[in-house]
Structures are given as structure tokens and as C-alpha cells.
Amino acid sequence: MKVITFLNEKGGVGKTTMAATVAAGLAIIGYRVLMIDADPQGHLTISFGIKKQHSLYNLLVRDEEFSKPGIVQPISPEVYALPNAKSPAQGRLFIVPGNRETRLIAQALEGELFAVRNKMEELERANVVDVVIFDTSPTPSGLHAQIFLATQHIIYPTELSYLSFDGLVESIKSTTGYSQQKKAGGLEEIKLSGIIPTKFRSKVLEHQEKYQSLLNTRGYGHLVWNPMPLSVIWEEAMSRQRSIFNYAYDHPTAGDAWKIVRLTKERILDVTQ
Ligand SMILES: Nc1ncnc2c1ncn2[C@@H]1O[C@H](COP(=O)(O)OP(=O)(O)O)[C@@H](O)[C@H]1O
Ligand SMILES: [Mg+2]
């Protein structure tokens with residue numbers, strides 16, 4: 001089981017959109033995917049038409065079982081798989097929904113640093129899920145620390161803007177710190193596995209320059225994945241509570257999204273360690 005976290009200490013850069021897209025794509029091609037909505041805004045939850053609720057709070061703070069009704073909700077292939085059974089989903093997609101009570105988790109769990117990690121180990125032993133995808137809030141919190149302890153891979157969506165790069169740098173700094181602590185404690189490190197430039201406008205000089213500078217950044221250039229073009233299709237799919245593959249499978253942007261799904265498979269899921 002692999003645990004992947006979408007992170008950037010800036011809002012509106014496409015974390016939730018990319019988390020939902022990668023999760024749906026992996027479920028279509030055969031993985032059993034569990035999304036965990038760790039942002040109190042609950043946007044990942046509602047982007048699949050699920051009602052915001054305090055499932056994550058109950059799972060972690062009340063220590064409820066994954067199998068308890070209401071903790072894990074299945075997502076219907078009708079909203080995420082390719083339409084008209086062009087290629088029926090081979091895997092499964094689930095979510096642990098969240099709501100504003102997610103904000104209270106960090107305080108309630110103070111001192112119990114391993115609550116998220118323990119839950120992930122429980123899930124791994126049950127062998128019911130291949131990939132866990134965490135969507136996170138932009139504001140750093142104690143819950144992030146908990147998630148880092150359970151995460152092996154981080155994917156950073158970033159806009160090609162000055163402020164978004166700043167968020168990226170801050171996020172890299174904090175995860176590097178946690179990764180070193182984990183290593184020192186005998187746990188696996190956290191790998192920065194991909195940086196996804198989002199809302200990319202290929203004809204805008206500023207975007208071309210920022211994209212090049214990201215590619216040329218020492219130590220990180222090789223981690224930059226293909227950019228996600230700016231397109232209203234994302235907003236349209238989200239407001240209809242569907243994955244981009246379901247809503248617009250033949251749109252060029254869906255083709256770009258498949259590249260991200262493929263890279264996640266090749267760089268993270270196919271790597272044995
Ligand atoms: N490549 C893109 N092009 C255009 N709009 C996008 C793109 N990616 C995301 N969006 C839109 O931008 C808004 C913020 O995205 P979201 O994924 O919620 O960001 P975050 O989770 O980082 O706050 C949403 O309305 C989403 O539909
Ligand atoms: Mg979000």
C-alpha cells in the first residue's frame with residue numbers, strides 16, 4: 001500500500017483537483033484507491049457529490065474502525081469512470097469524508113503523533129486498499145505532521161506564480177524536516193515525487209519563464225511533471241461532481257491528466273521498496 005499526499009502551503013493551486021484526478025484515474029485503471037479529505041473545507045468530499053461529514057474526525061479522534069458505517073464511502077463509477085462503459089473501471093474508489101471538524105483533530109490528538117500512521121498500518125494489514133491519497137489544507141497544522149508520519153510520497157501542485165513558488169519552497173522545507181526526523185527514528189523517509197505546474201498558459205511568457213526556471217531548479221528539475229493547462233473544464237467537472245475523465249474524456253485536457261496518472265503509476269506505484 002502506498003500513501004501519497006498532495007501538498008502546497010498555498011490555496012487554490014489545484015491540490016484538490018489533482019488529488020481527485022489522480023485518484024479517479026488510478027481507480028479506472030485497476031487500483032483500489034482510498035481518498036482521505038484532510039482539509040476542513042471538505043472540497044474533495046463535495047467534488048464527488050458526497051456530503052461533508054465528520055468521518056475523518058471519528059476515525060482519528062474517536063478511534064472508530066474503517067469498517068464502521070459512515071467512515072468510508074464508496075464513490076460510484078457513474079461519477080468517476082469513463083462514460084458509456086467505454087472502459088469500465090477496473091478498480092474501486094472510496095473516500096473518508098471530512099468537514100469543518102477536521103480542524104479540531106490536531107488539538108484533540110495532541111501527544112498522539114502516530115494516530116494517522118496507526119490507522120494506515122491497520123488498513124495495510126487488512127489488504128483492502130492499494131493507494132491512499134490525502135488532500136490537505138494550505139494552512140500547516142498538527143494534522144499535517146501526523147499525515148507526514150504516515151506518508152511515503154508527496155506531490156506538489158503549484159501555479160506558475162511567485163506566491164505559489166513561495167508556498168512550494170515552504171512546503172519542501174517543512175517536509176524535508178519531517179523526513180529527516182522520520183529517518184532518524186528508523187521510519188521510511190518522505191519522497192518528494194512530483195511537482196505539477198497547474199493553470200499553465202503556454203502562450204504566456206511569464207508562465208513559460210516560470211516553467212523553465214522550475215525545470216532548471218537544482219535538485220528539483222527532474223521532479224517536474226507535465227503542466228496542467230488552464231482550462232474551464234476543471235471547474236465544470238468539479239461543479240458537476242464528476243472526474244474529468246467522466247465529464248470530458250475526449251477533451252485534450254483529459255489527455256494531459258492521464259499523463260499525470262501514468263507518472264504516478266510509474267514513479268510511485270510501480271517502484272518497489
Ligand atoms: N489547470 C487548471 N485550470 C483551470 N482551473 C483549475 C485548474 N486546476 C484547478 N482549477 C480550479 O481552480 C480552483 C482551485 O483548485 P483546487 O483544486 O480547489 O485548489 P486547492 O485545493 O489547492 O485549494 C478550482 O475551482 C478548480 O476547479
Ligand atoms: Mg483544496
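I count two strands as paired if DSSP finds at least two bridges between them. The model is predicted, and I read it as such.

Entry on strand β2. I started with β2, residues 32-38. It runs parallel to β4 (residues 92-96), and five bridges join the two. I looked up Met35 and found Ile95 as its bridge partner in β4. Next I turned to β5, residues 131-136. Six bridges join β5 to β2, again in parallel. In β5, Val131 stands opposite Val33, and Phe134 stands opposite Ile36.

Is β2 enclosed or open? Six of its seven residues are buried, so I note β2 as largely enclosed by the rest of the structure.

I traced seven strands in an open sheet with mixed pairing. The order I wrote down is β3-β4-β2-β5-β1-β6-β7. β3 (73-74) and β7 (191-198) stand at the edges. Each has a single partner strand, so one side of each lacks a neighbour in the sheet. I then checked helix α1, which packs on the sheet. It touches β1 (2-6), β2, β4, β5, β6 (153-159) and β7. Its direction makes about 165° with that of β5.

Methods
Residues are numbered from 1 along each chain as its sequence is written. Chains are lettered from A and ligands numbered from 1 in the order in which they are written. This is a predicted model: local features need pLDDT of at least 70, side-chain atom pairs count only at pLDDT 80 or more; totals for chains, interfaces and linings use all residues. A residue is buried if 20 or more other C-beta atoms lie within 10 Å of its own, exposed if 12 or fewer, and partly exposed in between; C-beta atoms are placed from the backbone. Helices (H or I, at least four residues) and strands (E, at least two) are DSSP runs, numbered from the N terminus. Two residues are in contact if their C-beta atoms, placed from the backbone, lie within 7 Å. Axes are lines fitted to C-alpha atoms, for helices over the stretch in contact, and angles run from 0 to 180 degrees between N-to-C directions.
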